[in-house]
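Visitor: I'd like to learn how to read strand pairing and surface charge. Can you walk me through it?

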Amino acid sequence: MTQYDNQNLKEKYLNLLAEKFDEEEKVATEIINLQSILDLPKGTEHFVSDLHGEYHAFQHVLRNGSGNVRAKIHDIFKDTHSEEQISELAALVYYPEEKLKLIKNQFETKADLNDWYIETIQQMIHLISYASSKYTRSKLRKALPKQFVYIIEELLYKSNVYNNKTTYYETIVQKINSLGQSDKLITGLAYTIQQLVVDHLHVVGDIYDRGPEPDKIMETLINYHSVDIQWGNHDVLWIGAYAGSKVCLANILRICARYDNLDIIEDAYGINLRPLVNLAEKYYGDNPAFYPKQHAEKKLSEDEKLQITKIHQAIAIIQFKLESPIIKRRPSFDMEERLVLEKVDYDKQEITVYGHTYPLENTCFETINRANPAELIEEEEEVINKLLLSVQESEKLKRHMNFLMKKGDLYLKYNGNLLIHGCIPVDEHGNMEEMEIDGKMYNGRELLDQFEYHIRESFSHKNETDDLSTDLIWYLWTGKYSSLFGKRAMTTFERYFIKDKASHKEEKNPYYYLREDSEMCRKMLEEFNLDPEQGRIINGHTPVKEIDGENPIKANGKMIVIDGGFSKAYQSTTGIAGYTLLYNSFGMQLVAHKHFGTKENVLLNGADELSVRRVVDEELERKKVRDTNIGAKLQEEINMLQELMSYRYID
Ligand SMILES: O=P(O)(O)OC[C@H]1O[C@](O)(COP(=O)(O)O)[C@@H](O)[C@@H]1O
Ligand SMILES: [Mn+2]
């Protein structure tokens with residue numbers, strides 16, 4: 001573009017802007033407004049990861065802002081309230097609908113209840129005013145329940161107009177009460193407080209798989225005021241299934257069968273499993289290697305268990321068959337060792353992998369043609385095609401996957417930090433590992449950008465099922481240089497059929513020990529054009545085994561790993577129930593969560609299931625909006641407005 005074109009474009013833009021800001025005073029007001037926002041303290045960021053379908057535990061962490069709600073209540077009421085009263089108020093803020101019901105049952109007279117309403121609304125208004133002190137009025141207004149904005153603003157800003165606060169409050173609140181609006185108001189105020197306490201949420205991957213309600217987590221995120229997602233390997237598996245990858249689809253179904261979560265497929269997403277069930281019933285029988293994992297709360301009948309066991313086998317075999325042609329058509333994936341069905345000696349019931357021969361047990365090779373093991377029988381072909389059709393036609397899945405694409409990325413640079421679920425593939429010397437894609441070699445950030453490009457490419461061509469982009473999504477789930485998998489190979493076949501645990505081991509990318517080193521972390525931050533002095537890497541994906549003394553804060557704070565195991569299935573290895581991270585204007589704090597019992601326990605006993613906070617770092621100077629990504633955007637707007645001012649209004 002020539003300089004002249006540039007000038008032309010700019011003038012067009014300024015003319016457009018002038019339509020909105022058609023008076024000098026309007027421009028000035030907006031500049032002053034934006035400028036003052038830059039000087040406010042930065043909003044609180046909340047980081048979570050590896051949610052794995054654990055909707056209730058996630059809800060709790062979200063509603064209590066990883067302890068931030070309680071901390072704010074404590075700040076204000078510590079001198080006037082007992083710990084018990086603080087817990088009561090906290091529970092009301094987290095779960096207003098349920099807690100209101102419980103509280104209302106405790107009162108014997110209407111007058112007492114009335115007093116409680118007045119006092120509680122007053123406390124909540126106080127809390128809102130405290131929690132919103134670092135925001136502009138307009139931002140606060142957006143967070144208020146729409147139907148009560150006027151009333152709440154009266155309570156917030158005009159409370160001492162007559163120098164008689166109590167009376168003024170009382171008059172308004174009495175009126176609300178007599179009009180029967182108190183419950184609605186309290187509920188609205190509670191959600192406002194939740195929203196004010198966390199300005200922005202980052203989900204560092206793995207919303208899906210293992211746990212029972214990923215769809216509800218997605219709904220929560222869709223309705224959340226401000227969120228971004230860094231895709232995890234499990235999320236990408238779901239994206240792949242929806243984008244047309246049959247092997248990704250087989251995997252998600254296999255995992256749902258393994259964790260006894262087929263409800264997600266059938267009930268939550270309305271996908272018809274009947275064809276798969278028929279196939280499973282026809283060819284498979286009982287097999288202990290394929291028993292579903294038992295839920296603590298949900299007991300399966302023997303019949304149900306047997307049926308899931310059969311489905312589990314049917315879909316696992318389809319998965320192994322579907323892997324083979326991809327490995328063959330993509331030599332650059334370098335996965336020949338994973339042509340497992342072709343490495344089986346079907347007479348001897350043995351397999352030779354990575355130079356070792358192992359006996360096989362619990363095999364279920366009923367549909368395998370020894371001459372061509374990867375060939376799908378006609379029924380399998382039909383089943384997987386029907387399933388894909390049904391997946392791509394699910395309205396709800398479509399909504400959820402579109403949202404994942406819209407709000408998600410493979411990695412994110414945010415306020416100087418690098419957020420990434422898995423890893424940056426490196427060799428044992430810390431050099432970025434290279435991979436060939438479409439005839440070109442890529443590594444580091446460029447490799448990740450290529451991966452992301454292909455995910456989006458596949459997603460926008462859902463009818464293509466065997467193209468490079470679609471195959472690459474599966475590669476991201478399981479390939480050696482995948483930034484999401486971070487291991488050399490996935491030993492799913494071995495874990496089903498080989499007893500010797502040595503064959504199950506999945507070797508991790510050297511990234512996972514090199515990330516302990518701060519120099520290495522600096523190098524990786526630089527690879528992403530981030531300031532190595534200021535920046536940190538925030539990782540999910542690998543459960544931190546606090547039980548074995550592992551520290552989630554690594555490399556002098558340059559690396560923070562927040563997968564503590566929301567996933568119930570992994571809590572015995574981690575010893576806790578997940579880490580979350582808070583980053584406010586004063587610095588970063590890591591929060592370790594104890595096992596999330598039940599919502600009832602929180603409601604009745606105020607048990608917060610929270611635990612220690614560890615300060616990762618304290619800012620020497622309080623961070624302001626001007627130091628953030630948003631600040632940079634606002635500064636650009638200010639610059640533009642300033643140009644408009646001289647172009648249009650000042651000679
Ligand atoms: O414990 P499961 O559910 O069988 O899953 C094991 C598989 O999950 C993985 O750990 C990937 O999932 P994560 O991203 O949760 O680690 C694979 O490496 C492994 O093969
Ligand atoms: Mn993961």
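Guide: Two strands count as paired if DSSP finds at least two bridges between them. Keep in mind that this is a predicted model. Here, strand 4 and strand 5 (residues 350-353) pair in the antiparallel sense over two bridges.

Visitor: Which residue is the bridge partner of D345 in strand 5?

Guide: That's E350.

Visitor: And what is the order of strands in the open sheet of three?

Guide: The order is 4-5-6, and the pairing is antiparallel. Strand 4 (344-345) and strand 6 (356-359) are the edge strands, each pairing on one side only.

Visitor: What about the open sheet of five strands: what order does that one have?

Guide: Read it as 8-9-12-14-13, with mixed pairing. Strand 8 (411-414) and strand 13 (553-554) each have a single partner strand, so one side of each lacks a neighbour in the sheet.

Visitor: How do strand 13 and strand 14 run, parallel or antiparallel?

Guide: They run antiparallel, and two bridges join strand 13 to strand 14 (residues 559-561). For one contact to look up, take I553, whose bridge partner in strand 14 is I560.

Visitor: Now the charges. Which residues form the negative surface patch?

Guide: The patch is made of E108, D112, D115, E119 and E170. Helix 7 (residues 110-131) gives the largest share, three residues. E119 sits in that helix, helix 7.

Visitor: Why does E119 count as partly exposed?

Guide: Partly exposed lies between the buried limit, under 20% relative accessible area, and the exposed one, over 50%. E119 has a relative accessible area of 47%, so it is partly exposed.

How values were computed: Residues are numbered from 1 along each chain as its sequence is written. Chains are lettered from A and ligands numbered from 1 in the order in which they are written. This is a predicted model: local features need pLDDT of at least 70, side-chain atom pairs count only at pLDDT 80 or more; totals for chains, interfaces and linings use all residues. Side-chain values use heavy atoms; hydrogens and water are left out. Patches are made of residues with over 30% relative accessible area and no salt bridge: like charges are joined within 9 Å, nonpolar side chains (Val, Leu, Ile, Met, Phe, Trp, Tyr) within 5 Å. Accessible areas come from the Shrake-Rupley method with a 1.4 Å probe; for residues, only the protein chains shown count as cover. A salt bridge is a side-chain nitrogen of Lys or Arg within 4 Å of a carboxyl oxygen of Asp or Glu. Lys and Arg count as positive and Asp and Glu as negative; His and the chain ends are not counted. The place of a charge is taken as NZ of Lys, CZ of Arg, CG of Asp or CD of Glu. Helices (H or I, at least four residues) and strands (E, at least two) are DSSP runs, numbered from the N terminus. Buried means under 20% relative accessible area, exposed over 50%, partly exposed in between (1.4 Å probe, protein chains only).
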